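Good morning, and thank you for coming.

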Amino acid sequence: MALADGHLPVLPLGADKRPLGNCRDCADLACGGRPNMKVPGPCVCPWPCHGWAAATTNPTVLASRQWGLAWRRARAIGYHPGGANVTVVDLDNTDAVEWARTALPATTTVQTTRGEHWIYRGVMRSANKVRPGVDIKSLMSYARWLGPGTGPIAALPPTVLALVEREESTPAREAVDSSTPTRWDRSVATGCRHTPAFVQAGLERGLDNIRAHPEQGAGTAAYGAARFLAARHTACPGPCGLDAIAEELIAAAVTVDVPAAYARRCVANGMNTALGAVA
């Protein structure tokens with residue numbers, strides 16, 4: 001409550017340092033998902049659903065019966081950096097810390113289990129693995145609260161912004177025509193055990209989720225959709241037309257300004273993760 005009173009949107013985290021997960025009504029986006037997942041705060045249900053977006057400063061919500069039950073299960077406090085107008089540079093090991101000390105301007109520093117959080121004033125797009133051991137947590141992300149840190153806070157520098165710009169500007173190896181993407185068709189999925197209606201419903205949900213991130217997070221949404229959809233087909237004798245599904249996900253990401261190469265990499269990684277998990 002004290003953190004929320006200080007304008008820091010907070011949420012409960014479990015022992016694995018992750019949000020506690022959606023309630024039954026919101027599981028697998030059964031509720032339709034939060035509108036575009038652009039701002040923190042309570043969703044239409046009274047539970048702390050939808051990860052970072054559940055973070056809030058509302059004392060009534062934080063003290064509600066549903067959130068009270070969640071706090072009893074929690075093992076840590078998370079917060080939404082973007083909602084507090086800050087960016088966290090998460091340095092996950094000593095090598096990353098040493099790099100930051102030579103490459104980034106000094107700012108508020110918080111000790112973590114394996115490294116440090118460097119906190120800057122200002123917001124930007126979040127991204128993981130922008131360099132070895134370095135994640136950016138700001139908009140559409142959460143961080144674990146480990147204390148106020150030491151040292152005065154500095155303004156978000158161009159060197160941190162450039163870390164994400166470099167990741168998003170990887171030259172495309174091949175063009176993607178987002179206006180005429182390949183469509184999933186039963187004729188190329190002769191070994192799929194699912195009905196076309198089942199496949200199309202899951203695909204449309206994934207496409208909608210990607211398009212719901214026109215400003216930030218579309219790459220992550222594409223990865224999640226690819227992983228989810230590929231996992232549905234691990235028991236099929238095949239082929240299931242996953243190549244066509246992948247092209248539709250990539251095209252959707254490109255329409256919300258994700259660079260083609262990055263979109264293709266996100267989708268490929270998502271599918272490979274799902275299929276490799278059962279290999």
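Let me start with H7 and H8, which pack at an angle of about 165°, their axes 10 Å apart. Axes here are lines fitted to C-alpha atoms, for helices over the stretch in contact, and angles run from 0 to 180 degrees between N-to-C directions. H7 and H8 are therefore roughly antiparallel to each other, a term used for angles over 145 degrees. In passing H8, H7 makes a right-handed crossing, meaning that the near helix is turned clockwise from the far one by less than a right angle. On the H7 side the contact is made by Ala222, Ala225, Ala226 and Leu229, and on the H8 side by Ile245, Leu249 and Ala253; contact means heavy atoms within 4.5 Å. By class, this contact of H7 with H8 has 7 nonpolar, no polar and no charged residues. Ala, Val, Leu, Ile, Met, Phe, Trp, Tyr, Cys and Pro count as nonpolar, Asp, Glu, Lys and Arg as charged, and the others, Gly among them, as polar.

A word on the source. This is a predicted model, in which local features need pLDDT of at least 70 and side-chain atom pairs count only at pLDDT 80 or more, while totals for chains, interfaces and linings use all residues. Residues are numbered from 1 along each chain as its sequence is written, and side-chain values use heavy atoms, with hydrogens and water left out.

The chain has 9 helices and 9 strands; helices (H or I, at least four residues) and strands (E, at least two) are DSSP runs, numbered from the N terminus. Of its 279 residues, 47% are buried, that is, under 20% relative accessible area with a 1.4 Å probe, protein chains only. Among contacts with a separation of 6 or more, 70% are between residues 24 or more positions apart.

Let us return to H8. Its 14 residues reach 20 Å from the first C-alpha to the last, close to the 20 Å expected at 1.5 Å a residue; the expected span is 1.5 Å times one less than the number of residues. How many of the residues of H8 are buried? The count is 11 of the 14, so H8 is largely enclosed by the rest of the structure. Glu248 is one of these buried residues, as are Leu242 and Ile250. Val254 also lies in H8, which covers residues 242–255, and is buried with a relative accessible area of 19%. Val254 and Gly219 are 35 residues apart in sequence, yet their C-alpha atoms are 9.3 Å apart in space. After H8 comes Asp257, with a positive phi near 70°.

Gly202, Leu203, Gly206, Asn209 and Ile210 in H6 meet Ala218, Ala221, Ala222, Ala225 and Leu229 in H7. The residues of this contact divide into 7 nonpolar, 3 polar and no charged.

Finally, I turn to Leu163 in helix H5, residues 158–168. Leu163 counts as buried, at 3% relative accessibility. Beyond its neighbours within four places in sequence, Leu163 is in contact with Trp99, Val130, Arg131 and Ile136.

Note on methods: Buried means under 20% relative accessible area, exposed over 50%, partly exposed in between (1.4 Å probe, protein chains only). Angles under 35 degrees count as roughly parallel, over 145 as roughly antiparallel, 65 to 115 as roughly perpendicular and the rest as oblique.
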